[in-house]
Amino acid sequence: MTVSTATATTSDPIAPKAVRGSPVGPRSFAAEPGRVVRGIILGIVGVVFLVPIVAMIEFSLRVGQPVDGRQAYGFQHFVAVFDPVNSRAYGVLFQGIVNSIGICAITVLIVLVLLLPTMIFVELKFPGLRRALEFVCIIPITIPSIVLVVGFVPVYSVVAGIFGSHPWTLSFAVGIIVLPYAYRPIAANLRAIEVVVLSEASRSLGAGWTSVLTRVILPNLRRGILSSVFITIAVVLGEYTIASFLSQNTFQTALILVQHTDPYVAVIFALFALIFAFVLLVFIGRLGSGSPRPRRGGPRRLTRRPE
Amino acid sequence: MMSAAAIAPATTTSGAGVSTPRRRSVAWLGLLPFAGYVLLFLAVPAVLAVGSGFFTRAGAFTLANLAAFADPNIQKAFLASIGISALTAVAGAVIGAVVCFALLGTRSDGFLRTAVDSASSVLAQFGGVMLAFAFIATIGQQGLITKWLISSGLADNVFLNFNNQGPLLYQISGLNIVYLYFQVPLMVLTFMPAMEGLKSTWAEASATLGGTRLTYWTRIGMPILAPAFFGSLILLFANSFSSYATAAALLSQGGIIPLAIKQQSSSETVVGVANVSGVLALGMVVVMIVLMTAYAALQRRASRWQR
């Protein structure tokens with residue numbers, strides 16, 4: 001339930017820079033903590049939060065039971081993952097990963113084909129509906145997925161009748177869960193550019209609606225779109241509730257299955273997924289943190305001044 | 001953060017709407033795909049989930065199912081859910097706020113902040129099955145910390161046997177530790193913007209009037225941050241209240257409401273009432289609506305100082 005990392009970083013551009021380095025002397029009155037206090041707080045919290053990660057790595061490297069209180073370590077479990085001998089044992093896990101990737105792709109498609117055009121459309125033609133759209137997109141945060149899933153069960157007995165009971169059909173349900181996360185980065189981006197002015201300007205220069213969309217609006221929304229695609233992928237890969245209620249095999253449900261027979265492999269894949277999510281989200285952070293260096297061409301510097 | 005959209009100016013858009021009054025009758029067709037999707041996969045499941053509690057299995061309207069709330073097991077599960085959510089929300093909010101305080105005065109594009117931001121957004125997403133594995137490897141029976149405590153002479157430590165009911169991790173109390181792992185990062189993400197809203201001029205004003213750092217925080221900083229703090233606290237509460245996957249991976253015998261919903265939907269007869277999962281879903285939604293209303297109100301107050 002991350003509430004938008006992208007909007008959090010768009011801080012007020014006209015806020016006065018803090019009087020850094022001004023000759024005030026020892027700033028004991030200042031609101032901010034001293035170096036030592038900051039170091040102690042962040043050090044303790046940082047170490048505590050590192051422990052489970054370190055424990056996972058340690059766990060995945062264990063070889064056999066400890067002898068005389070000494071634990072042997074090695075990369076055996078990592079090698080075993082890719083050993084063809086085990087392909088039957090881990091088959092369900094790899095199938096789950098394949099299914100999850102498929103669900104990812106279709107969910108991203110739902111975001112790009114259903115959500116994004118609607119958001120642009122509302123911005124251009126129905127600005128009055130903006131609040132309503134936001135409200136709809138936020139609802140899935142208010143209704144826990146465990147509640148929604150109770151309603152998905154009967155809906156999916158109909159869906160299975162139409163499309164068959166394939167894992168990819170989960171995308172429809174997951175697309176709803178993803179809405180709040182996908183909505184925010186695009187909305188923040190839309191707010192930062194003058195969509196109406198941009199489209200009117202290009203229209204008056206003779207552009208058709210297609211080129212307005214593909215050459216003016218979408219390039220300006222690149223950042224928001226990328227962020228919301230990445231966060232969608234992160235959410236889909238971590239989704240467990242819906243898959244488990246609708247008894248489909250995805251990455252997360254397969255992890256639970258495999259964990260009973262081979263906890264090491266489960267931990268190894270959880271580690272991989274964590275690293276993957278970290279890379280994705282660091283990338284989003286880079287996109288969001290804005291480094292507004294002027295780009296060649298591109299009208300992206302046309303940002304709205306706060307009134 | 002919800003109110004961020006509320007202050008988005010809606011002034012520039014009037015031109016586009018007025019210029020095409022005739023085409024608007026056709027234009028709303030563009031909203032249909034998304035509206036249809038949301039109707040089928042959000043509105044219908046939500047209504048089915050909450051509404052199913054009011055019907056007998058034969059389909060007749062009834063209020064008799066609400067008797068499920070009188071079941072002592074259900075009441076215990078609700079209390080346990082609320083207890084865990086309250087404890088992890090308060091602890092997570094306090095620890096998270098302290099981390100935010102430690103980050104005050106660091107450059108928002110510096111290495112430290114980028115690292116903490118990215119780590120927080122990953123860990124706040126890091127719910128579910130993988131989080132459970134991380135803690136199995138940390139404080140489970142074979143966990144790093146558990147084994148370390150044993151090897152340093154604490155054979156009967158709290159992680160190995162809590163309340164004489166086996167490892168702490170597989171009990172409801174153990175969830176508190178696990179949930180904090182995503183609660184604290186979520187607090188950092190949601191509370192940091194408010195913390196950054198504190199103007200350095202306020203600290204300087206307080207200092208010129210003879211205030212110490214203590215008086216600044218107790219008389220200015222904390223009162224200003226209070227609405228944002230409690231708003232984030234409610235968000236944290238809602239977050240752990242609706243969390244399902246982590247508990248599902250750790251607790252086999254249930255004990256909190258999301259798990260009770262799962263049990264009831266797989267075997268309908270435990271309480272002797274039809275559609276109990278619908279009734280429980282209704283209970284969760286009521287709690288969430290109360291929380292979100294309070295959140296929106298607090299957020300409106302908090303945004304006063306964040307301009």
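**Chain A, contacts along the sequence**

I looked up contacts in chain A (heavy atoms within 4.5 Å) between residues at least 6 apart in sequence, and 74% of them join residues at least 24 apart. The model is predicted: local features need pLDDT of at least 70, side-chain atom pairs count only at pLDDT 80 or more, and totals for chains, interfaces and linings use all residues. Residues are numbered from 1 along each chain as its sequence is written, chains are lettered from A in the order in which they are written, and side-chain values use heavy atoms, with hydrogens and water left out.

**Chain A, make-up**

I found 13 helices and 2 strands in chain A. These are DSSP runs, numbered from the N terminus: helices are H or I with at least four residues, strands are E with at least two. Of the 307 residues in chain A, 51% are buried (under 20% relative accessible area; exposed is over 50%, partly exposed in between; 1.4 Å probe, protein chains only).

Leaving aside residues up to four places away in sequence, A:Ile242 touches A:Val149, A:Phe152, A:Leu170, A:Ala173, A:Val174 and A:Ile177.

**Chain A against chain B**

I noted 109 residues of chain A in contact with 100 residues of chain B. The two chains bury about 8,500 Å² between them, 73% of it on carbon and sulfur atoms; buried area is the accessible area (1.4 Å probe) that two parts lose on being put together, summed over both. Helix α2 (residues 35-61) of chain A gives the most to the side of chain A that touches chain B, with 14 residues. That side divides into 72 nonpolar, 18 polar and 19 charged residues. Here Ala, Val, Leu, Ile, Met, Phe, Trp, Tyr, Cys and Pro count as nonpolar, Asp, Glu, Lys and Arg as charged, and the others, Gly among them, as polar. I counted 0 salt bridges between the chains (a side-chain nitrogen of Lys or Arg within 4 Å of a carboxyl oxygen of Asp or Glu).

**Two residues**

I looked up A:Thr118 in helix α4 (residues 91-125) of chain A. A:Thr118 is buried at 5% relative accessibility. Not counting residues up to four places away in sequence, A:Thr118 touches A:Leu133, B:Leu31 and B:Phe34.

A:Asn220 is in helix α9 (residues 209-220) of chain A. A:Asn220 is also buried, with a relative accessible area of 8%.
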